[in-house]
Amino acid sequence: MVVGELTEVSAIVATQVPQWFETDTKKYVDVTSPDNIMVQGRLENGAIVNAYCGVHPYHGSGHRFEIYGGGGTLAMIGGGEGGQELRRKVMGGHKDDKALQELPVPERFTRVPEAVRNDGPAYDVGQMWVKFAEAIRAGANDDPNLPDFDHAVRRHRSLDAIVRASQTGQRQKVA
């Protein structure tokens with residue numbers, strides 16, 4: 001959804017670790033969600049997607065989100081566990097650069113109050129709620145960059161295709 005809409009997917013959705021240790025209760029609990037999701041697909045614009053989302057109870061490497069384009073690379077790396085959001089780095093480089101460089105996030109994209117900016121988990125949620133409140137105040141119901149009911153339907157169609165692909169082992173069209 002960041003780089004375009006999926007038109008077809010292959011996927012594996014699985015639970016590799018059936019129980020996790022809850023630090024609050026000091027007990028193991030049964031897992032009710034997949035901890036590994038691998039998706040390969042094609043976007044409406046013809047680009048190819050290879051995505052992996054893994055949530056691991058120990059030694060996880062964090063998030064890694066990479067976009068390779070004709071002019072260069074953009075990546076978001078790290079901060080995969082709760083409370084580590086501030087450890088994420090945005091990296092980028094033009095195709096002729098020797099290496100990726102850390103890119104500062106422009107201040108205009110930081111919407112939360114100063115008090116929330118250093119509070120790991122609250123940062124991401126706060127960013128979302130501030131943007132949501134701004135949209136309501138502005139009456140921006142027709143802003144194509146804001147989610148709406150149709151956006152939710154597209155997400156569910158994509159998720160349904162991912163589940164079908166995993167269950168059948170067959171590439172699926174996204175309706």
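Two residues are taken to be in contact when heavy atoms of each lie within 4.5 Å. On this basis, in the predicted model, Leu 6 is in contact with Gly 41, Arg 42, Leu 43, Ser 158 and Val 174, its neighbours within four places in sequence being left aside. Among contacts in the protein between residues at least 6 apart in sequence, 39% join residues at least 24 apart.

Leu 6 also belongs to the largest nonpolar core, which comprises ten residues. In soluble globular proteins, nonpolar side chains tend to be buried together.

The protein contains two helices and ten strands, arranged from the N terminus as β-β-β-β-β-β-β-β-β-α-α-β. Four of the strands form an open, antiparallel sheet in the order S6-S7-S8-S9. Because strand S6 (64-69) and strand S9 (101-102) each have a single partner strand, they stand at the edges, and one side of each is left without a neighbour in the sheet. Strand S7 (residues 72-77) pairs with strand S8 (residues 89-94) in the antiparallel sense over six bridges. Met 91 in S8 is the bridge partner of Ala 75.

Of the 175 residues of the protein, 22% count as buried. The accessible surface of the protein amounts to about 12,900 Å², and carbon and sulfur atoms account for 55% of this area.

Definitions and conventions. Residues numbered from 1 in each chain as written. Predicted model: local features only at pLDDT ≥ 70, side-chain atom pairs only at ≥ 80, totals over all residues. Heavy atoms only, no water. Core = buried A, V, L, I, M, F, W, Y, C linked by side-chain atoms within 4.5 Å. Buried < 20%, exposed > 50% of the residue type's maximum accessible area, 1.4 Å probe, protein only. Areas by Shrake-Rupley, 256 points an atom, 1.4 Å probe, with all protein chains shown as cover. Pairing = 2+ DSSP bridges.
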